[in-house]
Amino acid sequence: MTISHWAAGVSYAGTSDRTADVTNPATGQVSGQVALASRADADHVIAAAKAAAKAWGETSLARRTQVMFAFRELLNSRKGELAELITAEHGKVHSDALGEIARGQEVVEFACGISHLLKGGHSPSASTGVDVHSTRQPLGVVGIISPFNFPAMVPMWFFPVAIAAGNAVVLKPSEKDPSASLWLAALWQEAGLPDGVFNVLQGDKVAVDALLESPDVAAISFVGSTPIAEYVYEQASRNGKRVQALGGAKNHMVVLPDADLDLAADAAVNAGYGSAGERCMAISVLVAVEPVADELVARIADRTRTLVIGDGSKGVEHESDMGPLVTRAHRDKVASYVDSGQAAGAKLVVDGREVRAAGEADGFWLGPTLFDHVTPDMAIYTDEIFGPVLSVVRVASYDEAVALVNSNHYGNGTAIFTNDGGAARRYENEVEVGMIGVNVPIPVPVAYYSFGGWKRSLFGDTHAHGSEGVHFFTRGKVVTTRWIDPANRPQGGLELGFPQND
């Protein structure tokens, strides 16, 4: 089976003979082939979006909102189908896949109310006989480049707002789990979205570069690793596009001595190992402010050993807590960090390489891994591992904890666990990170707030969804008007001076 592109409302096979394997991570078996676009294929898909953009941008807000509501209802009624696709190609367990869809659906629901956010301003009689008003208009064609770890949620951070605002979309999903994108395309068509407004371009760097370079693409939204985010930002900006490029992370969870340690241990396990650690908001570093480290590490280890690792497609009655990693190559890369941590002198408390998974032997299994006595010079601390590896760093004070977090070159998300409101408030103000949780381990904002980090976790000035997302996918226009009453037309000659307010 070849997983194709989607252009102008139909499946498009393309002209390229290049393909890539799509695997089931729980079995290790190849489940299909995904088309890898040629430059001509990319041009065809982009042209389909361009042909549809003008008419969609001129479609009434009332009609666009009706389509958004229809899409929402269809997604609610059929989300189980999408979850099965995600589990089969990404490997996350079914409940996690449903959770991903639910968080994406929040943005769809936010976009259903976009009419209010697209209102302009109006100032009558800003000067004598002069009125001023502002409008927000769509950009045209926008490109979305999404990662493998959330094949539904991350695209839904962007395309509901983009479409509701009147743009046409070209989505370039990860080639590792591409089928969700086509399912979403078909759902949009069923919801009544005109052909060409939502398109899918499958592929690798050839497809990415085509979007970054095409003069017909006005903006790029990207989520992925920091090196690629930086590349996308530089190349797209060089070609005159708007860019929001969300990069990598090394998220710290600070636990103060007064914290509820059971709550903190539960949160560390959930945030460190959920979705096999393959998420940019995962907690990968736990900063234990002494004297809590020994007790906290023991509680985390006890909980970690109870987790069931297995095939997420086996049904609710056999639901596992965590599935496999997305590919064999990625599994082996994450396992190499476990080797590195041991070699560097960290204490390996729980070894995920020894996992006995409830699944086929050829699946890409790596269980929860816990390191203690990690230091900031070790690769398991400095690198974004993107797997189920949690590192515990011990510090002596709150100030040392904040200094550690702020010295990191990432600034995506962080959390603090404490029962001291003053300490929490101080942390909110002092930490140099874009998204902060207080006794909340994964502080992903609700859709009417915007998602995004600081420092090398974000390239560009605009975060995803929320009001910032609306502004990203629209352009402002200010109109100044004066209508002269013929009966009172002023007399006089030319006036070459700068216009004056009166």
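A residue counts as buried when its relative accessible area is under 20%, as exposed when over 50%, and as partly exposed in between, using a 1.4 Å probe and protein chains only. Helices (H or I, at least four residues) and strands (E, at least two) are DSSP runs, numbered from the N terminus. The model is predicted, so local features need pLDDT of at least 70 and side-chain atom pairs count only at pLDDT 80 or more, while totals for chains, interfaces and linings use all residues. Residues are numbered from 1 along each chain as its sequence is written, and side-chain values use heavy atoms, with hydrogens and water left out.

The neighbours of β9 come next. Two strands pair if DSSP finds at least two bridges between them. Strand β8 (residues 141–145) runs parallel to β9 and is joined to it by 5 bridges. Within this pairing, Val-141 has Ala-168 of β9 as its bridge partner. Right-handed here means that, with the strands pointing away from the viewer, the path from the first strand over the helix to the second runs clockwise. Strand β10 (residues 198–200) also pairs with β9 in the parallel sense, over 3 bridges, and Phe-198 of β10 is the bridge partner of Val-169. With helix α6 (residues 179–191), β9 and β10 make a right-handed β-α-β unit.

Gly-9 sits in the loop between β2 (5–7) and β3 (10–12) and counts as buried at 8% relative accessibility. The C-alpha atoms of Gly-9 and Ala-185 are separated by 7.9 Å, although the two residues are 176 apart along the chain. Contact means heavy atoms within 4.5 Å. Leaving aside residues up to four places away in sequence, Gly-9 touches Gln-189, Asp-195 and Gly-196.

Another buried residue is Thr-65, with a relative accessible area of 15%. Thr-65 belongs to helix α2 (residues 61–90) and touches Cys-112 and Ser-115, again not counting residues up to four places away in sequence. Cys-112 is itself buried, at a relative accessible area of 8%, and Cys-280 is buried at 12%. The structure holds 0 disulfides, a disulfide being a pair of cysteine sulfur atoms within 2.5 Å.

A separate topic is the open sheet of 3 strands, which has the order β6-β7-β23 and antiparallel pairing. Strands β6 (122–127) and β23 (474–482) stand at the edges with a single partner strand each, so one side of each is left without a neighbour in the sheet. β6 pairs with β7 (residues 130–138) over 3 bridges, and His-122 stands opposite His-133 in β7.

Some backbone details remain. Ser-125, in strand β6, has a positive phi of about 55 degrees although it is not a glycine, and this residue is exposed, with a relative accessible area of 56%. Phe-386 also is not a glycine and has a positive phi of about 60 degrees. Phe-386 lies in the loop between α12 (379–382) and β17 (389–395) and is buried at 18% relative accessibility. The peptide bond from Glu-290 to Pro-291 is cis, with omega near 25 degrees, and Pro-291 lies in the loop between β14 (283–289) and α10 (293–304).
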